[in-house]
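Let me put the structure up, and then I'll talk you through a few places in it.

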Amino acid sequence: MGGPAEHCDVLIEAGWVVPVVPKGVVLEDHAVAVRGDVIVAIGPRAGMRERFAAGEVVSRPGSVLIPGLVNAHTHNPMTLLRGIADDLPLMEWLQGHIWPVEGAVTGPEFVRDGVTLAIAEMLRGGTTCANENYFFPDVQAETYKRYGFRALVGLPIIDFSTAWARTSDEYFAKAADVDDAWRGDELIGTTIAPHAPYTVCDANFERVRDFAHERDVRVHLHLHETAQEVRDSVAQHGMRPLARLDRLGLVDDRLIGVHMTQLTDDEIALCAERRVCVAHCPESNLKLASGFCPVCKLQHAGVDFGIGTDGCASNNDLDMVGETRTAALLAKAVADDASALDAASALHSATLGGAITLGLGGRIGSIEGGKQADLTCIDLDGLESQPLHHVISQLVYATARHQVTDVWIAGRAKLRARVLVDMDIDAIIANARQWRGRIAAIRTAP
């Protein structure tokens, strides 16, 4: 006879478990044991029932359990700006519409309410971690923490006055204060987030470099987003943006280059050599006609990349399930290769690839013993998922976010049988509607 059963807080049983590591593996009729905030074991369901005395058993025989999806780049307060300036090129969209509205509404209340709406949307779509980039990172961090959502909050740096800060010194001082306040937190981390090469001067980029090295944080930067950005950099600085950053000492393993649609083969090789990571935002790039990130070339060169939605003002959703499908399909068209970014690689990019990009690959992104229990359960029992020949292909090419049933972050249930835990969805919707009215009044004012 065996010894006494081990305790676990939650035993999650699923028809299939896709751990992501090893890549492409599907474990049929398996279970995952969670104790506290950590995954303690993965094994066949029958054996796990014998091994563990669980405080709770969640049985989902028609579902697949995957690591929580990681949104590698987003501006979540901008969820409240969803759809206000569609069908426009990047600079007209940004300068003519987004920045003027932001100037009128951006503040702690706007940021808190936008992040709250985003958290609810992301949880319902299976996302458990976001790499955030917006103003008032102190409010962002407090809001993510309040709802138990894992996030890196970007500490913004830009060369003009905003509601968050007026001078360069104030931007950096506030960045240091927020980083100090959240250092060591289990759920909330920081990056230093200079907006873009065309809005940050050399002197501030040098300060960003020093801040990142002294505080051991990543640099989260829109980079090589459009051909116009590259042309303007050559005209103003005599070199392409990546070369300028290299001259300033920023092209290293701390750099997260967002978008990266304009890359030469030599620049890809440099990113691989320096271990730069990329946040790929396919739907935003398509919608703004910004260009195509060469993810297959990045993959073949050994550059790590994750998938991001960007913000709701340019996407217009936070749907990582749909974003992953778009990434896989677009990669094939760009590479002219139907085998490019296959289903297993796409799922890896949306989970462990994003975690590695954020510097969190040792903690999240795969279902392995000792990692944080950030998990997503997706129903594959419905008509739209039949017949089920290949689980990972079905996940990437034939699954929608409404099929997400359960989500855990650090072992805590955040979505249970499609119902949000500890979030009032009616109140969130009502609040979003009142923001619609406030923003509409601003835009129509003389």
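Predicted model: local features only at pLDDT ≥ 70, side-chain atom pairs only at ≥ 80, totals over all residues.

Find helix H12, residues 320–335, and helix H13, residues 343–357. Their axes come within 9 Å and cross at roughly 135 degrees. That makes H12 oblique to H13, because angles from 65 to 115 degrees count as roughly perpendicular and only those over 145 as roughly antiparallel. The crossing of this pair is right-handed. Which residues of H12 and H13 meet? On the H12 side you've got Met-320, Thr-324 and Ala-328, and on the H13 side Ala-346, Leu-347 and Ala-350. Sorted by class, that contact has five nonpolar residues, one polar one and no charged ones.

While you're there, look at the loop between H12 and H13, where Asp-336 sits. Its phi is near 55 degrees, which is a positive value in a residue other than glycine.

Next stop: helix H15, residues 425–444. I'll take two of its partners in turn.

One partner is helix H2, residues 90–105. The axes of H2 and H15 come within 10 Å and cross at roughly 115 degrees, so the two helices are roughly perpendicular to each other. This crossing is right-handed. From H2, the contact uses His-97, Val-101, Ala-104 and Val-105, and from H15 it uses Trp-435, Ile-439, Ile-442 and Arg-443. If you sort those by class, you get six nonpolar, one polar and one charged.

The other partner is helix H3, residues 108–124. H3 and H15 pack at about 135 degrees, with their axes 10 Å apart, and they are therefore oblique to each other. The H3–H15 crossing is left-handed. Among the H3 residues in this contact are Phe-110, Leu-117 and Arg-124, and they are joined from H15 by residues including Ile-428, Trp-435 and Ile-439. By class, the contact of H3 with H15 has eight nonpolar, three polar and four charged residues.

Okay, let's zoom out to the domains. The assignment divides the chain into domain 1, which is 6–67 plus 372–420, and domain 2, which is 69–358. Notice that domain 1 is written as two stretches of the chain. How far apart are the centres of domain 1 and domain 2? Taken over C-alpha atoms, 29 Å separate them. At the interface, 28 residues of domain 1 are in contact with 33 residues of domain 2. Together the domains bury about 2300 Å², with 66% of that on carbon and sulfur atoms. Within domain 1, Val-396, Tyr-397 and Arg-401 lose the most area to domain 2, and together they make up 29% of what that side buries.

Last stop, a couple of prolines. Where is Pro-22? You'll find it in the loop between strand E1, 6–17, and strand E2, 27–35. The peptide bond from Val-21 to Pro-22 is cis, with omega near 0 degrees. Then there's Pro-387, in the loop between strand E13, 375–379, and helix H14, 391–397.

Technical notes:
Residues numbered from 1 in each chain as written. Heavy atoms only, no water. Axes fitted to C-alpha atoms, helices over the stretch in contact; angles between N-to-C directions. Helix = DSSP H or I, 4+ residues; strand = E, 2+ residues; numbered from the N terminus. Parallel < 35°, antiparallel > 145°, perpendicular 65-115°, else oblique. Left-handed = near helix turned anticlockwise from the far one by under 90°. Contact = heavy atoms within 4.5 Å. Nonpolar A, V, L, I, M, F, W, Y, C, P; charged D, E, K, R; others polar. Domains from an automatic or database assignment. Buried area = accessible area lost by both parts, 1.4 Å probe.
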